[in-house]
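Reader: I am new to this structure. Please take me through how its parts meet.

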There are 2 protein chains.
Amino acid sequence: MPASVTRGTQTLVVSKDLKLSTAGSSYSDGKGILKEAFQRMVAVVELDHVINGSYYGVSPVLAGVRVVVRSPNDELNFGVDESYKLSVPATGNPLYAQIEAQTVYGALHALETFSQLCNFDFNARIIQLHSAPWTILDKPRFPYRGLLIDTSRHYLPVPVIKSVIDSMAFSKLNVLHWHIVDEQSFPLQIPSYPKLWNGAYSYSERYTFDDAIDIVQYAEKRGVNLLAEIDVPGHALSWGVGYPSLWPSATCKEPLDVSSDFTFQVINGILSDFSKIFKFKFVHLGGDEVNTSCWTTTPRIKSWLIQHGMNESDAYRYFVLRAQKIAISHGYDIINWEETFNNFGDKLDRRTVVHNWLGSGVAQKVVAAGLRCIVSNQDKWYLDHLDATWEGFYMNEPLTNIYNPEQQKLVLGGEVCMWGEHIDASDIQQTIWPRAAAAAERLWTPFEKLAKDTGSVTARLSRFRCLLNQRGVAAAPLAGYGRSAPSEPGSCVTQ
Amino acid sequence: MPASVTRGTQTLVVSKDLKLSTAGSSYSDGKGILKEAFQRMVAVVELDHVINGSYYGVSPVLAGVRVVVRSPNDELNFGVDESYKLSVPATGNPLYAQIEAQTVYGALHALETFSQLCNFDFNARIIQLHSAPWTILDKPRFPYRGLLIDTSRHYLPVPVIKSVIDSMAFSKLNVLHWHIVDEQSFPLQIPSYPKLWNGAYSYSERYTFDDAIDIVQYAEKRGVNLLAEIDVPGHALSWGVGYPSLWPSATCKEPLDVSSDFTFQVINGILSDFSKIFKFKFVHLGGDEVNTSCWTTTPRIKSWLIQHGMNESDAYRYFVLRAQKIAISHGYDIINWEETFNNFGDKLDRRTVVHNWLGSGVAQKVVAAGLRCIVSNQDKWYLDHLDATWEGFYMNEPLTNIYNPEQQKLVLGGEVCMWGEHIDASDIQQTIWPRAAAAAERLWTPFEKLAKDTGSVTARLSRFRCLLNQRGVAAAPLAGYGRSAPSEPGSCVTQ
C-alpha cells in the first residue's frame, strides 16, 4: 500500500510497444539498471496472456513511461533513497506516465507499482490501465526490509536464489540476508581458505566465489542488498571439515576454538574476501545459541581460559568482540543476533545492530541502550514456523512500546526468516509467500495507513498472491497456516 | 535410462560458444524448432553457475553439435518417430557431437540427453562432459507418455502451464492431457459458444482461445502433444452457468441434459473449435462417474426417456456414443474413461481408446476386446494420491498380464494424473515431481532394462530431482510420500 494515492476514472490502453524515455534525467544508466528493469516490467505485464487485440480508437493509448532520476549515483546500500512519484495522466499526446525519483532504486519501485496497475483485458486482448489519472507518492517506512535464506541446512541452486530475489522485488523487500554457512554445510568458496567449502554437502552443492558475485549483482539490479552472514562462534561445525584445527577437538566440534589465533585468521580471511564482493554496509556475525561446553571439556582450551583468567561467558564475549573488530577493520558495521546484546550489550561496539529473534520486547531494550535493532521475533516473523499465519505477520509492529522518535529511528526495520531445516528448492517459494508480503506491507506503508485489523487486508493480499502465481511464483493460499495446500476446489482470489 | 549406452573415459570441455550444425540434414527448421531447442539446451546447461574459466589446453574442446534430421516433416502427432542416436566422440578437429534422428522430435530428445551429460566443473569454472566417447541409441517403449493437469478445480496461469511443459520435456513425457473443464469452472473461451466461459471462477481466471493456441504451440516446440478433454455428460455443471438450458433443471444440474439437441450442438461447437487448434489425433471425451439420477427426477427428461424407450443406462450410452460420433466428424479418434468400456465396451466406436483409472487389470480386458488402452490406475499413477510413492510409480507396469504381442501393441502407454482439487500454482510442480519422472522411465525404457527393484533407481532418480531443482523446477525430495518437505537438513542427493 503506497504512502499516498489519488486516482480517477479513465481507462487507458497500454501500448504494445511501450517506450522508455529518460529525457531530463540526471542518471546515465551506464550499468543498464533502469533499462533492464523497464524491459522486465514490460515482460511481466505481458507474460500471462497472448496480447493481439487491436487497440486504436478504443481508449487513449499510453505510449510510454518517462523516468526522471535526479541522482547520477547508483550505488546501492543501506539508506539509499527509495522514494518515488508515479503519475499516470489521462490525457496527452503522446501520453506518457511519469516517474520521478531521487535514485534509480526509487524508479525501480515505481516501475513495479506501475506493473501492478496494468491488467489484461479478456475481451479486447490488450493491456489496460484503469482509473487514470493516477498520482502516487511513495516511500518506505523502514530502510531495512529483509528476508533471510539459509543455504547450509539445504543447498539452494543459484537459479532458485535468483527467483527468490525476483519475488522480493515484487513486494519491495530490499535486503536478502544470506545465512550462508551453518553447522551442517559450508557451500561457498572462500579464496583465502580454499578448503572451507570441503564442508559442502557434495561436489555439486557449492557456490563459487564468482557465483556469489553474480548473485550480488543480480540482486543489486533489482534494488536488493545482500547481507552476508557467518555465524560465529557457534553454528560453525562445517568449517572444520576442511580445517579440523578449528574444532576444539575431533570429538567436540562446536563452537570454534576460541583459544587459537588461526580461528581469527580464518575469520579475517573470510571477511576480507567478503569485503571484495558484499558491498552492503553491514555484515552479519551471528553469535546466537552458543553452547560453550566444548571449551571447558577440551583440556587445551580449558588451560587457555585459566591462563587468560576467563570463564566460559567471558570467552564468548571475547570471541564476539574480537570478530567484531575484524569486521570493522574491513569497513563493515556489524549485525549480531540478540544473545550478544542480552549477555553483554554494553560491551558491543556502538556500530552494532542487534538482530532480535527470540521474542518480542527486545527492540525497546536495544534502542533504550542506544543501539540499533532489526526485528525478527520468531513467534511472528519466522517463516519456518508453519503455524505462524499471515495475519500474525501483518500485525507484528516493530515499534511496539517505542515512543521516543530518536529511539524509533534506531529500529532499522525488520526481517522475515526462512530457515532451511525443512526447506529446499521444492518448497521455499510457497513457504515464503504470501506471508512475507504481509510483513513487507508492515515495513513499507506509513503506520497511519496500515490496517488496524487484517480483515481489510485479505482481498488485497489475496490479489497479490494470485499476481505472484501469474508471474510463476509458487505463492501458497492465504487460508490455513503457512504453506497449506488449497483445502478444496475454488478461485485463487478466495483461497 | 536410454535403450542402449556405451561410454569411455575421456573428459571433454564444452565450448562456451557451442555451435549448432545441421550439415547433411533434410530438415529445414522453418519454424525454428531445432534452433530454439538448441538455444534452450545451452541456456539450461549454463544456468546454474558462472562459467568464466579458461579451458584451452586442459582437455579436448567440444566445439558443437551436428544434428542430422532425416525427415523434412515436423508435424507433431501420435506415433511420430522419437528415436535418436547421440554420439560424442573423444577426438576430432573440430570436435562435434553427432545427433541423428528421423524427426526433429527425436533430435529434441537427443539434445535433452546431451544436456544431462554436461556438468559444471567447480575448479576450472567450465562445463565438462565426462566419459567420452559416448554412443547412445534410444527410442521410447510406448508412444503415449502422458501427464494430466486439471484447470477446473484450480485455475493454472499460462506461465505455470508452460513451466510444467518445460519440465515434461526434461523427462521425455510427450502428452499433456489438459482436463480443461469440470463441474467447478469453465476457464476456456469457446468462440462458438461465447457464454461458456461465464462458468470461470473469475474474470482473471480464464484462457482466451489465443492462449490455448499459444500453449499448443509452446508444447509442440518441446515435442509435447496437447490432448484436450471435455468430460461429458458428467463433470460438466459449469457449462450451464452460461447456458442454463444445458442443466436438467435449475436444481439438478448434472449430467448435461441428454434429451436436448442443444446439448449436442454445444458439444459440436466446442469440438469444432477444438479441431482448429488441438491437432493431436485424439480428443478426450471423459465419460466417467456419471450419476444419471437428474435425468429421471426431471419430469421433462423422464418423459423423453420413456418416449425413446431408454432407461438411465441406455441414455448414458446414447450420450457417450453420440458425442463420439461428433468428435469423429471433426477428425478425431476418441479417448474415454474406462466406465464407458466397463458399461458398454462392445458398443464403443472401434477408434476408441479406453483410459483406465479405477484400478489395475483393466488394460488386459480392453486389449482382449481389441480396443486400445492408456493406463492410469489411480492406486499407482494418480499424483494427487499423496500416499502413492515414487517406488509405486516406477513399478507400475502397463503390460501386466498382457502377453500377446498384438495385444501389447494396443496399450499405447500410460499417463500420470495431477488432479487439481488440492493443487494450484503453489504446489503443482512439487506434487508432480519427482514421481512423474519415475513413471516416465517406466514408459520410456525397454522393459529388459528397467530396474527389477527400485533400490537401483534411487540414486539416478535422486540426481534427476536435483537436476530439476537446478533448473528451477520445485521437485520434492524422494523420501516420504508425495510432496513431502525434507525431514531434516541434508544433501539434495540423499533426500
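This is a predicted model: local features need pLDDT of at least 70, side-chain atom pairs count only at pLDDT 80 or more; totals for chains, interfaces and linings use all residues.

Author: Residues are numbered from 1 along each chain as its sequence is written, chains are lettered from A and ligands numbered from 1 in the order in which they are written, and side-chain values use heavy atoms, with hydrogens and water left out.

Reader: How much area is buried between chain A and chain B?
Author: Buried area is the accessible area (1.4 Å probe) that two parts lose on being put together, summed over both. Phe122(A), Ser426(A) and Pro489(A) supply 15% of what chain A buries against chain B, more than any other three residues. Carbon and sulfur atoms give 55% of the total, which is about 4100 Å².

Reader: Which residue of chain A forms a salt bridge with Arg125(B)?
Author: A salt bridge needs a side-chain nitrogen of Lys or Arg within 4 Å of a carboxyl oxygen of Asp or Glu. By this rule there are four across the interface of chain A and chain B. In the one with Arg125(B), the closest N and O atoms are 2.9 Å apart, and the partner is Asp210(A).

Reader: Where do the bounds of the two domains of chain A lie?
Author: The bounds come from an automatic or database domain assignment. The domain centres, taken over C-alpha atoms, are 36 Å apart. Domain 1 covers 4-138 and domain 2 covers 144-454.

Reader: Which element gives the most to the side of domain 1 of chain A that touches domain 2 of chain A?
Author: With contact meaning heavy atoms within 4.5 Å, 19 residues of domain 1 of chain A meet 19 residues of domain 2 of chain A. Helices (H or I, at least four residues) and strands (E, at least two) are DSSP runs, numbered from the N terminus. β1 (4-6), α1 (33-45) and α2 (104-115) of chain A each supply at least two residues of that side of domain 1. The element that gives the most, with five residues, is α2(A).
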